[in-house]
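Work through the exercises below with the sequence and the 3D view open. Try each task before reading its solution.

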Amino acid sequence: AILILGIIVVLLVAAFFSYIVLTAPKFDETAFDVKDQSVVYDINGEIIAKLGSQNRESVTYDQLPQVLIDAIIATEDSRYFEHSGVDGARFLKASIGQIMGNSSAGGASTLTMQVVKNNLTSREQTIIRKFKDIYLAVFFMEKKYTKQEILEFYVNDSLLGGNVYGVEEASKYYFGKSVSDLSLPEAAIIAGLFQSPNGYNPYYYPERTAKRMQTV
């Protein structure tokens with residue numbers, strides 16, 4: 001009976017993962033291409049207009065200050081540079097906590113999985129989507145791109161309040177400076193926005209933003 005039960009479990013697990021592989025979206029590299037806004041200058045080199053549906057100015061990994069990299073990694077995915085797309089221990093802990101009804105158990109998605117979710121799968125909160133994220137993150141994203149490139153996708157693609165996308169545009173919008181010039185407190189505020197872009201908007205919720213900054 002135990003042997004039969006074991007065989008059934010193995011078959012069910014195999015069927016589940018086969019379903020995940022067969023129904024997962026195709027890994028399309030063009031899905032990660034972000035569109036920066038067009039900037040129009042006058043004859044004196046002054047900006048007279050910015051065109052585009054999303055306010056964004058992409059940056060490379062080398063342009064990111066170490067304080068911002070550290071802040072994002074510490075709050076979003078502490079073992080980012082160690083895992084291969086999925087943090088098994090964190091995923092198990094978060095999944096058990098959510099099943100037990102603990103809303104403070106934390107998220108299970110790594111930065112790689114979040115990039116996959118934002119560009120390839122969906123925001124649907126289901127276990128099926130989570131496993132599709134894991135499949136695409138482990139077998140495609142982490143195989144195709146370096147950790148630095150994946151982090152570039154993450155910081156350039158994310159909404160960070162209103163119609164502001166990416167850390168460079170957010171730095172200019174909130175602090176009037178390039179991302180490379182951020183101080184530690186400023187970097188902590190930017191990093192905190194990834195969890196709730198409009199909920200931690202310093203223009204509207206300064207006290208909430210300050211508390212989140214201290215957490216980061």
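**Exercise 1: the cover of a helix**

Helix α4, residues 111–119, is mostly covered, with 7 of its 9 residues buried. The model is a predicted one.

Task: Which residues of α4 are buried, and which helices do they pack against?

Solution. 
1. Apply the cut-off: buried means under 20% relative accessible area.
2. The residues of α4 that pass are Leu111, Thr112, Met113, Gln114, Val115, Val116 and Lys117.
3. Look for the partners of these buried residues: they pack against α2 (66–76), α5 (127–144) and α6 (147–157).

**Exercise 2: surroundings**

Task: Which residues does Ile20 touch, leaving out those up to four places away in sequence? Which residues make the nonpolar surface patch of about 360 Å²?

Solution. 
1. Start from Ile20. Leaving out residues up to four places away in sequence, Ile20 touches Ile128, Phe131, Lys132 and Tyr135.
2. Check a distance. Ile20 and Pro185 are 165 residues apart along the chain, and their C-alpha atoms are separated by 42 Å.
3. Turn to the patch. Leu5, Val9, Val13 and Phe17 make this nonpolar surface of about 360 Å².

Technical notes. Residues numbered from 1 in each chain as written. Predicted model: local features only at pLDDT ≥ 70, side-chain atom pairs only at ≥ 80, totals over all residues. Heavy atoms only, no water. Patch = residues over 30% accessible without salt bridge, like charges linked within 9 Å, V, L, I, M, F, W, Y side chains within 5 Å. Areas by Shrake-Rupley, 256 points an atom, 1.4 Å probe, with all protein chains shown as cover. Salt bridge = Lys/Arg side-chain N within 4 Å of Asp/Glu carboxyl O. Contact = heavy atoms within 4.5 Å. Buried < 20%, exposed > 50% of the residue type's maximum accessible area, 1.4 Å probe, protein only. Helix = DSSP H or I, 4+ residues; strand = E, 2+ residues; numbered from the N terminus.
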